[in-house]
Structures are given as C-alpha cells and as structure tokens.
Amino acid sequence: MSGHSKWASIKHKKAATDSKRGKVFSKLAKEITVAAKGSGGDPSTNVRLRMLIQKAKEANMPADNVTRAIKKGTGELPGVSYEEQTYEGFGAGGVAVIVDVLTDNKNRTAAELRMIFSKKNANMAGANAVAWMFNKKGYIEIPKDAVDEEKVFTVATEAGADDFVVGDSAYEIEVALENFEKVKKAIADAGIKMGLAEVTMIPQNTVKVTGKDAVNVLSLVEDLEDHDDVQNVYANFDISEEEIKQISGE
C-alpha cells in the first residue's frame with residue numbers, strides 16, 4: 001500500500017492549497033451531477049451522492065454549487081450530459097495506470113489522454129489490461145501523532161476494517177466498500193481525526209521506480225489529474241517518500 005499512501009497524502013496536501021480550486025469544484029460538480037442523474041438527488045438513498053457531498057464539504061465547495069449540480073442531474077436545471085469512461089495504460093517502468101473520466105465527447109478526451117501518455121514515455125492499453133491489478137476499497141489515513149495506535153486499531157477493526165498498516169507518519173486502513181461508511185463513523189465517533197478518507201483503487205502489488213522513470217510517472221499522473229475531464233487517476237508505483245518530495249518540490 002506504500003506507493004498509494006505516499007501519493008495520496010501529497011495529493012491531499014496539494015488539494016488543500018491548490019490555486020486551481022475552481023477546477024476542483026468543477027470536477028466535483030460533474031461527479032455530483034452524474035451521481036444524481038444515476039440514482040436520484042436524495043443523499044439518504046444515494047450512497048454515492050452522499051459521499052460526494054461530504055467530499056465537497058471537505059473541499060469547502062459552496063453549498064449552492066452542490067445544490068445546482070444535483071438539480072442538473074435530476075433535470076430540475078438544464079445541464080450537459082456526461083458519459084463515464086475508464087482508460088488504462090502503462091507508465092514508465094511498467095507502472096499500471098487507471099484513469100476515470102466524465103466527458104461530453106469521449107473521442108476528444110481519448111485523443112487528449114493518448115497525447116499525455118505519449119509525452120511521458122507511457123502508452124494507453126485496452127480494457128482490463130491493468131484493472132485486474134487493483135481492488136476498489138475504502139482507504140482511511142490517520143496521522144500517527146493524532147491518536148494512540150492501539151485505540152485506532154481497536155476502533156477500526158471492530159467496525160469492520162480489512163487491513164491496518166502502521167506507515168511512516170500515518171496509520172493506513174483498508175475497508176471493504178460495504179463497511180466504509182460504518183468504519184468512518186466509528187472512527188469519527190471515537191473522536192479520532194482522519195487525514196484522508198476516500199473510495200479508491202488500491203493496487204495488489206506495486207512497481208518500484210526511481211530516477212527518470214519516477215519523474216515521468218509522477219509527471220504523467222499530475223498531467224492526467226490536471227485534465228478537465230479526468231476525475232481520478234490510480235497507479236501502482238512505489239517511489240521513495242524522499243524522491244516524491246524532491247520531484248514534487250516539497
């Protein structure tokens with residue numbers, strides 16, 4: 001889980017101070033609209049929508065933006081029709097990459113993503129070329145200085161967590177999707193502050209990359225995430241924390 005957790009932490013820190021906050025809100029609005037269109041605008045019965053509303057709150061997205069996005073999904077307001085697509089590929093060093101997008105023109109988006117891949121010594125691949133290497137799960141990260149290990153371990157495992165790892169600076173918890181909300185609630189009810197809580201694709205195994213390959217992989221992921229149609233990027237790289245910080249300019 002190390003590669004995932006290190007990159008997830010840096011992404012989270014970047015998002016908190018991202019000067020392109022408008023882009024963050026735009027991507028969240030798209031996803032909220034699609035979730036509302038698919039299963040209705042009531043978060044009490046639409047789990048995906050409920051999670052996205054919480055994510056929007058954590059990003060300090062204005063409530064009016066959230067309401068407008070929901071109404072576009074339910075048809076109460078006019079809006080663009082988005083299509084969900086997933087693209088797969090291989091980055092430098094054989095790193096597996098999955099890209100989730102919401103687009104109103106999949107041919108244009110596919111061409112633009114192919115261009116991004118090609119510029120970073122990477123290649124797009126067919127469906128399920130790499131998806132089988134990942135498991136969709138809930139992922140929770142808790143800063144080690146926020147709570148005693150025994151307490152968070154007990155709370156998380158008793159609530160249904162699948163895996164608990166003591167990382168360099170945080171406790172990392174994996175949770176099956178059906179238990180994610182339950183584990184999050186148990187942790188919150190115990191007064192434990194979560195640094196990160198999200199549904200993500202966790203790699204079964206990681207690929208260690210260094211040097212130029214590491215630069216290309218991180219640059220590929222950043223460029224993909226910066227694309228307007230891209231909602232999520234997952235990759236199974238393992239790059240040392242020191243090298244990630246150096247490349248990311250931390």
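A residue counts as buried when its relative accessible area is under 20%, and as exposed when that area is over 50%. The structure used in these exercises is a predicted model.

**Exercise 1. Overall form**

Task: Find what share of the residues is buried, and state how the radius of gyration compares with that of a compact globule.

Solution. 
Step 1. Apply the cut-off of under 20% relative accessible area. Of the 250 residues of the protein, 42% fall in the buried class.
Step 2. Turn to the radius of gyration. A compact globule with 250 residues would have a value near 18 Å, and the protein has 18 Å, so the two agree.
Step 3. The C-alpha trace spans about 50 × 45 × 35 Å along the principal axes.
Step 4. Look at the contacts with a separation of 6 or more: 71% of them join residues 24 or more positions apart.

**Exercise 2. A sheet and its helix**

Task: Give the strand order of the open four-stranded sheet, name its edge strands, and say which helix lies across β4, β6 and β7.

Solution. 
Step 1. The protein has nine helices and ten strands. Four of the strands make an open sheet in the order β5-β6-β4-β7, and the pairing is antiparallel.
Step 2. A strand at the edge pairs on one side only, which is the case for β5 (163–166) and β7 (196–203).
Step 3. From one strand to the next, the twist averages 30 degrees.
Step 4. Take one pair in detail. β4 (residues 134–143) and β7 are joined by eight bridges in the antiparallel sense. E141 has L196 in β7 as its bridge partner.
Step 5. The helix across β4, β6 (170–175) and β7 is α7 (residues 180–189), and α7 runs at about 5 degrees to β4.

**Exercise 3. The nonpolar cores**

Task: Identify the residues that touch the most other members of the largest nonpolar core, and the element that gives the most to this core.

Solution. 
Step 1. In soluble globular proteins, nonpolar side chains tend to be buried together.
Step 2. The largest nonpolar core here has 24 residues, and those touching the most other members are V97, V99, L113, L224 and F237.
Step 3. Two or more residues each come from β2 (96–103), α5 (106–119), α8 (211–226) and β9 (230–235). With six residues, α8 gives the most.
Step 4. Follow L113. Beyond its neighbours within four places in sequence, L113 is in contact with Y87, V99, V101, M124, L224, H227 and V230.
Step 5. Another core, of 16 residues, lies apart from the largest one and includes V147, V155, I187 and I192.

Technical notes: Residues numbered from 1 in each chain as written. Predicted model: local features only at pLDDT ≥ 70, side-chain atom pairs only at ≥ 80, totals over all residues. Heavy atoms only, no water. Pairing = 2+ DSSP bridges. Axes fitted to C-alpha atoms, helices over the stretch in contact; angles between N-to-C directions. Contact = heavy atoms within 4.5 Å. Rg over C-alpha atoms; globule rule 2.2 N^0.38 Å. Buried < 20%, exposed > 50% of the residue type's maximum accessible area, 1.4 Å probe, protein only. Core = buried A, V, L, I, M, F, W, Y, C linked by side-chain atoms within 4.5 Å.
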